[in-house]
Amino acid sequence: MTVSPELNMQEVVLPSGTLKLRLEAATAPLNDLLTYAVRRNPKRGFLFVSRVLGKHIPIAPDVAARTYRTLVAALPPLHAPHFIGLAETATALGEGVFRAWLEATPGKTGTFQHTTRYHTQAPLLLRFDEPHSHAPAHLVYDPGPAARAATELVLVDDELSTGTTLQNLATAWLELHPHVSRVVLVSLTDWCPRRRELAESLGVPVDFVSLTRGEFSFAPDLTWQPAALPAVVGNGADKTALLSAQSARYGHLTDSPTLNTLGLTVHPTDRVLVLGTGEYQYPAFALAQQIAPRVASCLWNATTRSPILPGLAILHTLTFADNVSDGISNYVYNVDPGAYSRILVGYEGACLPDPALMAALGPHAQAVRLSP
């Protein structure tokens, strides 16, 4: 990775304070990779908004696929890895990187799962916390014997800020699996200021792989009055009956449904948006990949439980109820329904999207169950 000297220092003034960035390396200009917004979270008054993730800004599926391949090209040689993507933002990123690694290394085998916020009756392997998050508790279900025999652990998140979240997960996994000989931390942006300390704490070789690397500091504006954090933590109820039994959160890698099996037809003039819902993002990406070559345009994005204030990178916000009976608000950002002729909302199991979301998206919106 390289970064031009004129771009290695940046100052970003937000309503909530000032971000100062120092770039050490990057695969592309920083402005091509991310932009900025303000979290509706008194714990942290800023947000790096990725332009290549497909969570807060709709993107072409080819952009995401290129991101997955770029990250895979920077991975060290892996022999029997287990990949874990972090919920909710990096579930598709994690699965995309894992599948890209499989394609790039024919003959190799590995496993994948993502963390989750949802309690089910599946066997729970471990839990850990994401300290700065609005919803800190993560659950990791038992992904099965092949994953637990893995000799390398690859953790994928959209952003590494302090590194504490991935350190907590790696520590918990290594305590249960002391035969793991290497840990790889993959992110879009790596701002971690203590890579050496983190690696030494795990006691095995640790690699850091990212699209951009550097450090940042944030000076809060003392006159800023942070908005109150809305309810973002679920009710902890058993979601077994709602969620798909075949899921990446349990370590299952399922085939993506085709347009034929879904009974969908598209036309060359269609301007399509495919939305994932919450943790259920990768199948929507896979559907968008199928549709993109057949239509005038196709973008991909996802709903989220993350509250973000309007302004800066957030041009449009739709607010509606979550689709897993948690009783909390969810959001979709930067989607202007009038910009699309068709909107497909992908969901799993019995997690039908809130009718209020479908009404806001308009008569050209359709809910599509993508899970087995």
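Which strands does helix H6 (residues 195-202) lie across? The legends below take this up, along with other close-ups of a predicted model.

**View 1. Helix H6 on its strands.** H6 lies across strand E2 (17-26), E10 and strand E11 (206-220). The helix runs at about 130° to E11.

**View 2. An open sheet of seven strands.** The strand order is E1-E2-E11-E10-E9-E5-E6. Pairing within this sheet is mixed. Strand E1 (9-14) and strand E6 (111-114) form the edges, and each pairs on one side only. On average, neighbouring strands are turned by 25° against each other, direction ignored.

**View 3. The pairing of E5 with E6.** Strand E5 (residues 81-85) and E6 run parallel. Four bridges join them. In this pairing, His82 stands opposite Thr111 in E6.

**View 4. Helix H3 against the sheet.** H3 (residues 91-104) packs on the sheet. The helix touches E5, E6, strand E9 (152-160) and strand E10 (182-190). The direction of H3 makes about 175° with that of E6.

**View 5. Helices H2 and H3 cross.** Two packed helices are described by the angle between their axes and the distance between the axes. For helix H2 (residues 61-73) and H3, the axes come within 8 Å and cross at roughly 60°. The crossing is right-handed.

**View 6. Residues where H2 meets H3.** H2 contributes Thr67, Tyr68, Arg69, Leu71 and Val72. From H3 come Ala92, Leu93, Gly96, Val97, Ala100, Trp101 and Ala104. By class, this contact has nine nonpolar, two polar and one charged residues.

Note on methods
Residues numbered from 1 in each chain as written. Predicted model: local features only at pLDDT ≥ 70, side-chain atom pairs only at ≥ 80, totals over all residues. Heavy atoms only, no water. Pairing = 2+ DSSP bridges. Helix = DSSP H or I, 4+ residues; strand = E, 2+ residues; numbered from the N terminus. Axes fitted to C-alpha atoms, helices over the stretch in contact; angles between N-to-C directions. Contact = heavy atoms within 4.5 Å. Left-handed = near helix turned anticlockwise from the far one by under 90°. Nonpolar A, V, L, I, M, F, W, Y, C, P; charged D, E, K, R; others polar.
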